[in-house]
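Here's a quick tour for someone meeting this structure for the first time. Have a look at the sequence and the model, then read on.

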2 protein chains.
Amino acid sequence: MGMFVKEVANLVGISVRTLHHYDDIGLLSPDQTSEAGYRLYSNENLEMLQQILFFKELGFPLKKIKEIITDPTFNKREALELHREMLLDKRKRLDTMIATLNKTIKHTKGEIFMSNKEKFEGFNFNSNPFEEEARKRYGDQAIDESNKKIGRMSPTEQKELGESMNNIYRKLANLRHESPDTKKSQAAIEEWYHLLNKMGSYSLEAFKGLGQLYVDDERFTKNIDQFGEGLSIFMSKAMAFYADSRMKE
Amino acid sequence: MGMFVKEVANLVGISVRTLHHYDDIGLLSPDQTSEAGYRLYSNENLEMLQQILFFKELGFPLKKIKEIITDPTFNKREALELHREMLLDKRKRLDTMIATLNKTIKHTKGEIFMSNKEKFEGFNFNSNPFEEEARKRYGDQAIDESNKKIGRMSPTEQKELGESMNNIYRKLANLRHESPDTKKSQAAIEEWYHLLNKMGSYSLEAFKGLGQLYVDDERFTKNIDQFGEGLSIFMSKAMAFYADSRMKE
DNA sequence: TATTGACTCTTACGTTACGTAAGACTTTAA
DNA sequence: TTAAAGTCTTACGTAACGTAAGAGTCAATA
């Protein structure tokens, strides 16, 4: 009982060397070995391998995978549910890419116009595929995620949008002594949300995290409070309220 | 006019280093450089970059990408069409993986049984993602594709199916003096087709290619003709007829 | 029973596609 | 004019294997 390396390799479509490698780094070592020292993979080994391959498909580095699956709190079922979410996300990105491709084909035919930004929709998934969803459950906090997004805006984009941003900042500054959950405040913060989504895609969660950053990270605090003292705190609250109320829908 | 490295990097979601690298290996060198030697990317450069990223998404190594796009016969539009096909294929695989995942979740709950083979459906895309579709247009012929599939059957699988295979071989050997397109012959060859699809997925095209191999490659010819002289030729014809008639449907 | 062919093992260097860091120059905003 | 941010080249580091060599195992065959 137990399968030899090549059988496993054939079954799952990977190389023998890969299995050796996984053994070498302690990611997946077979339960048993034969008399002659041949690796014998059990059914449990195979199921673990399946999990590993799911993680890999989603872009996790092997080191991280090892950390995750050897963590005593690792829950197999939970991981599978996460895999599903992430795979669905990946499919969305793929669909976006296909849409981009179709547009591009039309574009080469001269039928439509395409902005440079549009040409790369679907690729531009926020940096690492895994870093995105993974933080939610494994490691770190989701906060510096939004931090990064800000850092990735290009100078030209920043210029293009700088004006609009200033306008909204001023509008919010004028409201900052009201409560953050009035209709006016929420309408203004919604503008802010839409503006941000023009340059990167912000989930409501990320939006809320960003708001948190406004009070946690003084680089933001300083910047924002130039438009009026206490604006950062006000925005942070308004953003949280906006995100929470919309997430209930 | 022209974008700096970081602008491009931000736009498409890759690193500056990556762009440097592509320049180093001659995959994508900017049209212009500034006085100070800064790289300046034109719109055409961006479009080429888009193509490169499509190829990359599909698993092509950079070296191969370079070959392809510097080939004088390279046709941009044709490439885009190919990209679309391949992306659709990729989505299919992803869907298969998601289905596998759903099954696995049920399996962990004990609701259903799952064979080892089922556990890896979607991963087991036939070896290289790119080698598959790519051969159709770029390089080589599709023939040795089926060759590989045969080579990848594991010993145990071969044993399991060896008996059934022999039965079909014998059945076909008895028919080999009839015409390959009679109902009997076609029914037998259909059994053969279904049997093969138990162990790997054969498109009708690949099936036909395999049949061709039976007469082209003497390793096959010898083996098959053990069951009766001329069987390989007979099977080859029958397989071609079967594939052609079913492809018209 | 000897041999052959297909697997297996370990060891180890090679490769791809960048990451990361260092040191120096440029450009822009303050 | 000085700081901050961006850019350059050079170069070593890294992840995830690929590939090759030399040697032992195992089953089937001559």
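Apart from neighbours within four places in sequence, B:Leu49 is in contact (heavy atoms within 4.5 Å) with A:Phe120, B:Val8, B:Val12, B:Ile14, B:Leu19, B:Tyr22 and B:Leu28. B:Leu49 and A:Leu49 also have the most contacts inside the largest nonpolar core, a set of 72 residues. Such a core joins buried Ala, Val, Leu, Ile, Met, Phe, Trp, Tyr and Cys residues through side-chain atoms within 4.5 Å. In soluble globular proteins, nonpolar side chains tend to be buried together.

A word on the ground rules: this is a predicted model, where local features need pLDDT of at least 70 and side-chain atom pairs count only at pLDDT 80 or more, while totals for chains, interfaces and linings use all residues. Residues are numbered from 1 along each chain as its sequence is written, chains are lettered from A, and side-chain values use heavy atoms, without hydrogens and water.

|---|---|---|
| α3(A) | 43-57 | A:Met48, A:Ile52, A:Phe55, A:Lys56 |
| α4(A) | 62-70 | A:Leu62, A:Ile65, A:Ile68, A:Ile69 |

Their axes, lines fitted to C-alpha atoms over the stretch in contact, come within 10 Å and cross at roughly 130 degrees.

Finally, A:Tyr193 sits in helix α9 (residues 183-199) of chain A.

Methods: Axes fitted to C-alpha atoms, helices over the stretch in contact; angles between N-to-C directions. Helix = DSSP H or I, 4+ residues; strand = E, 2+ residues; numbered from the N terminus. Buried < 20%, exposed > 50% of the residue type's maximum accessible area, 1.4 Å probe, protein only.
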